[in-house]
Amino acid sequence: MLERPVEGGKTKKSISVDQARELPEFFSKSPSQAKYRVAIIDAADDLNLNAANALLKVLEEPPERGVLFLVTHAPGRLLATIRSRCRRLAFPVWPQHALEELVRNRTGVTSAEAARIAGMAAGSPGQALALASGATLEADQLAQAWVAAPELDRTEVMAVADKFRGAEGQERFEILMDRLIAAVKLRALDEGRSGARWAELWERLSELPDRTAAINLDRADVLAGALADLQRTKPRA
């Protein structure tokens, strides 16, 4: 698995060429049990230019009994020479009933809870299972409360931000930002034609997690800025 490394609790902004150069050595080894060796790059969008060129060399001479999965959220950003050597596999969103069944079978939650989680997951099975965890549901409830509340409790916000330190803190930050972005998007959809301000806020917030990781911004400061932007978006009484 190649992905952006985490050092000192902070995620690097890209997958490096040194990481990509591990692929030839990996594929040169014989599989110990299965017939194939499998490498996953998640996401290929995060490869820097040198890493992308190193990957291209592997694709130009595909390893025998080797499989490469390139996860990408923006295929057009990949090098054309990489795209031309890959088969594109699209993964459509799951229907609501399938997500509900998955959550019930994997987690044992009630039908009502499974329906709520499936509705929040936007067709993603991975997101649905993540939402079924207590921490994610708690973050979702907090994000929805912040979007709905006329004013925010500064003491509560500071207590939440204080838990953003280290690797575990990064995960808490990412989960909370994900649910805050989702709550704002839902508000924009509920507002309909009058939700332009909420839609603009959603666009701004959607950029924050990647920007935070890319240039190592302070996560507490990012949350404070996001919530200040949220408050400015809310209608005045």
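**Helix H12 and its surroundings**

Let me begin with helix H12, which runs over residues 219–233 and so has 15 residues, and which spans 21 Å from its first C-alpha to its last, close to the 21 Å expected at 1.5 Å a residue. Please keep in mind throughout that this is a predicted model.

Which residues of H12 are buried? They are Arg219, Val222, Leu223, Ala226, Leu227, Asp229, Leu230 and Thr233. Because these residues cover an arc of only 155° around the axis, they sit on the same side of H12. On the other side of H12 we find Asp221 and Arg232, and these two are exposed.

What covers the buried residues of H12? The cover includes strand E2 (10–11), together with helix H8 (134–148), helix H9 (154–161), helix H10 (166–191) and helix H11 (196–214). If you look at the start of H12, you will also see that a side-chain oxygen of Asp218 reaches to within 3.1 Å of the backbone nitrogen of Ala220.

Now let us take one of those covering elements, H11, and ask how it lies against H12. The axes of H11 and H12 come within 10 Å and cross at roughly 175°; since angles over 145 degrees count as roughly antiparallel, that is therefore how H11 and H12 are described relative to each other. On the H11 side, the contact is made by Arg197, Trp198, Leu201, Arg204, Leu205, Leu208 and Thr212, while H12 contributes Arg219, Val222, Ala226, Asp229, Leu230, Arg232 and Thr233.

Next comes H9, where Val157, Val160 and Ala161 are buried. Seen down the axis of H9, its buried residues fall within an arc of 95°, so they line one face of the helix. The face turned away from that buried side carries Thr155 and Met158, which are exposed. The buried residues of H9 pack against H8 and H10, and also against H12, the helix we started from. At its N-terminal end, H9 is capped by Asp153, with a side-chain oxygen 3.0 Å from the backbone nitrogen of Thr155.

Is Arg236 buried or exposed? Arg236 counts as exposed, because its relative accessibility is 79%. Arg236 and Glu174 are 62 residues apart in sequence, and their C-alpha atoms are 29 Å apart in space.

Key. Residues numbered from 1 in each chain as written. Predicted model: local features only at pLDDT ≥ 70, side-chain atom pairs only at ≥ 80, totals over all residues. Heavy atoms only, no water. Helix = DSSP H or I, 4+ residues; strand = E, 2+ residues; numbered from the N terminus. Expected span 1.5 Å × (residues − 1). Buried < 20%, exposed > 50% of the residue type's maximum accessible area, 1.4 Å probe, protein only. Arc of directions from axis to C-beta. Contact = heavy atoms within 4.5 Å. Polar contact = N/O pair within 3.5 Å; in protein donor to acceptor, adjacent residues only side chain to side chain. Axes fitted to C-alpha atoms, helices over the stretch in contact; angles between N-to-C directions. Parallel < 35°, antiparallel > 145°, perpendicular 65-115°, else oblique.
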